[in-house]
Number of protein chains: 2
Amino acid sequence: MGNSRMNVREIAKLAGVSVATVSRVSNGTGQVSEEMRRRVLEAIEKHGYRPDHLGRALAAGRHGALGLVFPGLSGPYFTDLIQGFESEAVPSRASVHILCTHLRSDSDDQVLEMGRRVDGVAVMGGTISDEALLQLARMVPVVVVAGEGPGDILSVRADNGGSMLALTRHLLADHDLRELVFVGNPAGSPDVSERWTAFRRAHHDLGVEPPAEPVAVSMQQADGVLAADQLLAGGTPRPAGVVCANDEIALGVLVGALGRGLRVPQDLVITGFDDMPAAALVTPSLTTVRQPVRELAAEAARLILHAADQPGNASAGSLVLPTELVLRSSCGCPAPPTGGTGS
Amino acid sequence: MGNSRMNVREIAKLAGVSVATVSRVSNGTGQVSEEMRRRVLEAIEKHGYRPDHLGRALAAGRHGALGLVFPGLSGPYFTDLIQGFESEAVPSRASVHILCTHLRSDSDDQVLEMGRRVDGVAVMGGTISDEALLQLARMVPVVVVAGEGPGDILSVRADNGGSMLALTRHLLADHDLRELVFVGNPAGSPDVSERWTAFRRAHHDLGVEPPAEPVAVSMQQADGVLAADQLLAGGTPRPAGVVCANDEIALGVLVGALGRGLRVPQDLVITGFDDMPAAALVTPSLTTVRQPVRELAAEAARLILHAADQPGNASAGSLVLPTELVLRSSCGCPAPPTGGTGS
DNA sequence: TGGTCGCCTGAAACCGGTTTCTGTGATGCA
DNA sequence: TGCATCACAGAAACCGGTTTCAGGCGACCA
């Protein structure tokens, strides 16, 4: 029945009270007598009044919204990122604005515009320029996710290096593999850059010559298939192992290898990164690194919400969440105890 | 230099003009003499003033934002959906609010809350109750994406039935296959429901008995692997073909089949739906149905923006975008002319 | 020279809330 | 009975913009 076009003043008139009283009742603040409260609630109920978000936001000086900025969407990683962020924001009654920059040239402007519509922003590493990031941070609390910002901008990221170091060492030392290749584009994101660096460092640590260049492709399954085309085509010597920047690439390479009749891991070792759900389920199951993406995003949301609540109390620093090496069969290890259904 | 805490009145004072003039200059509306314009622009420039979004939105009576509601995020489908929607909204200077309901019980309330923060909402079919949908439509323009709404709510969807009918007929008639199974949960979304219905109808049309029940799993690659475990385990007779509700499931089934040493399509035929990028690249390449997901979402955004611009002019109806059957090798057809790299 | 028209400007109302500040009446205590 | 205290209500200011409306002023014409 109620028309949502009602405003405080109309409700106040209908209930025979002042707007202040209506506001107090609808927010549960201040002291209101039982009689007044009853009359106001009655009018609110009868006309289905709900306070306007804009008016409230303007008066409160806050938007009730958080921003999330990323270069593009692909695969389970971003999926988890968004959901982790959202799951933390919604209970705090904050809505989530998203912005895919697609690495367009006007990304900086769009991000700054977003800064004027939300109470805080989480920006994926490598998405916008450092200048824009600093300017944004002057407007609202900012957290860099999966990367590091300039100056004293907060950041949350996973320990990419540690686990990639352990993984590469495992392949080189425990499985005695040589001729490993790395598939992924270090210039594409800080995460991949860290992984590539750790991949090379593990080689150096063990006195093995690493490949000079990565196979630079994007992060989707299709790119993995393309990489397999390139690596496994006849003519060139086949590598012993393919270390992929994420699981999607790895699955693409796996499909490409299996489709060519290669046996994994006997003929070719393949590893991923992220531990996406399918990683445990494919045959052979994928050796990878578990990365707490949802927690990463949720932590970013928490930091922003906290900073928005307590302005001026800007805590700086970089939060690094641990990752975990997950050894399965695609590297040559025996399959983990869990059967075909994963854990 | 500029402090963004400036407001119109301060700028007006500094420029020695009225707030009306500042507003006129910053919006380019009305008549302002060159002298006044210069003074105002100077003050704006000097102090880095940018009008507050909330104040402007309140006065204009519009939020400058669109909402997008979906049950959860998984895979390229939602990725494309979000990006298609976003690519249409951003040029219109509208920000995009997202809400993953996760099919929670309080989804209806959350969606209605969103309705109070945006100028229009696109809701994925099957995400919230019809009552909530109707109530939402009373507040803001609403479009149902990939599904149909109650009453005269606008909807945009793809022609699921037509292509699934053609695909199933192709398998039954052209490849003379029997014992097909359908993998996907019709109760999960209107899309899958339509596909399952068309799958059965094709059987009936050709006088073949369809399976009584689908293999009801979710829409991710991991679920396809699980379905493969179930279908290809020893003991039960193996089906001749697996018709999957989307490409992700199909890739999961493909990996499961290849990992068991089965040959596709010789031992098992597999088909998908969506034509995600990897579909053309895997070996064997995946027979599937191309669905214009980004266009779907972009069309939804256009409809909402238009409806928000012209209130009262509510056009009703259901827009159905065409789909296209894409025959590749996984059904037994010869591989398309394009090499390993897809088209 | 007087009147009309049109350009430009600013005061004030408005969008829809919250919050401060003032004032009233009732109550408690001496 | 007189005074301090307290609970409560409402007027008005405020958040930061846009827009209406009325008026001042110069130009043009008779």
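Modeller: Happy to! Buried residues make up 50% of the 343 residues in chain A. Please keep in mind from the start that this is a predicted model, and every value I quote is computed from it.

Let's begin with the overall build. Chain A has twelve helices and eleven strands as its secondary structure. Its radius of gyration is 26 Å, while the globule rule gives 20 Å for 343 residues, so chain A is more spread out than a compact globule. You can see this in the box filled by its C-alpha atoms, which is roughly 85 × 45 × 30 Å along the principal axes. Of the contacts in chain A with a separation of 6 or more, 68% are between residues 24 or more positions apart.

Now for the interior. In soluble globular proteins, nonpolar side chains tend to be buried together. Here the largest nonpolar core has 98 residues, and the ones with the most contacts inside it are V183(A), V253(A), V183(B) and V253(B). Notice that this list names residues from both chain A and chain B. Leaving aside its neighbours within four places in sequence, V183(A) is in contact with P214(A), V215(A), V217(A), G224(A), A227(A), V242(A), C244(A), A245(A), I249(A) and V253(A). Another core lies apart from that one; it has 95 residues, including M124(A), V142(A), L154(A) and V293(A).

Next, the meeting of the two chains. In this model, 45 residues of chain A are in contact with 45 residues of chain B. On the side of chain A that touches chain B, the elements giving two or more residues are α4 (53-60), α5 (75-89), β2 (95-100), α6 (107-115), α10 (221-232) and α11 (247-259). Sorted by class, that side of chain A has 21 nonpolar, 18 polar and six charged residues.

How do helices pack inside chain A? From α2(A), the residues T21(A), V22(A), V25(A) and S26(A) meet M36(A), R37(A), V40(A), L41(A) and I44(A) of α3(A). By class, this contact of α2(A) with α3(A) has six nonpolar, two polar and one charged residues.

The axes of α6 (residues 107-115) and α7 (residues 130-139) of chain B come within 9 Å and cross at roughly 10 degrees. Angles under 35 degrees count as roughly parallel, and that makes α6(B) roughly parallel to α7(B). The contact joins D108(B), V111(B), L112(B) and G115(B) of α6(B) to A132(B), Q135(B), L136(B) and M139(B) of α7(B). Its residues divide into five nonpolar, two polar and one charged.

Some backbone details deserve a look too. In chain A, the peptide bond from V264(A) to P265(A) is cis, with omega near 10 degrees. You will find P265(A) in the loop between α11 and β8 (269-271) of chain A. In chain B, the peptide bond from V264(B) to P265(B) is cis as well, with omega near 10 degrees. There, P265(B) sits in the loop between α11 (247-259) and β8 (269-271) of chain B.

Look at phi next. R93(B) is not a glycine, although it has a positive phi of about 60 degrees. This residue is in the loop between α5 (75-89) and β2 (95-100) of chain B. R93(B) counts as exposed because it has 10 C-beta neighbours inside 10 Å. E179(B) is also a residue other than glycine with a positive phi, near 60 degrees, and its place is the loop between α8 (160-174) and β6 (180-183) of chain B. With 12 C-beta neighbours inside 10 Å, E179(B) counts as exposed.

Let's finish with H170(B), which belongs to helix α8 of chain B. H170(B) is partly exposed, with 19 other C-beta atoms within 10 Å. Not counting residues up to four places away in sequence, H170(B) touches H175(B) and C331(B). H170(B) and L325(B) are 155 residues apart in sequence, and their C-alpha atoms are 9.9 Å apart in space.

Conventions
Residues numbered from 1 in each chain as written. Chains lettered and ligands numbered in written order. Predicted model: local features only at pLDDT ≥ 70, side-chain atom pairs only at ≥ 80, totals over all residues. Axes fitted to C-alpha atoms, helices over the stretch in contact; angles between N-to-C directions. Helix = DSSP H or I, 4+ residues; strand = E, 2+ residues; numbered from the N terminus. Parallel < 35°, antiparallel > 145°, perpendicular 65-115°, else oblique. Contact = placed C-beta atoms within 7 Å. Nonpolar A, V, L, I, M, F, W, Y, C, P; charged D, E, K, R; others polar. Rg over C-alpha atoms; globule rule 2.2 N^0.38 Å. Buried ≥ 20, exposed ≤ 12 C-beta atoms within 10 Å, placed from the backbone. Core = buried A, V, L, I, M, F, W, Y, C linked by C-beta atoms within 7 Å.
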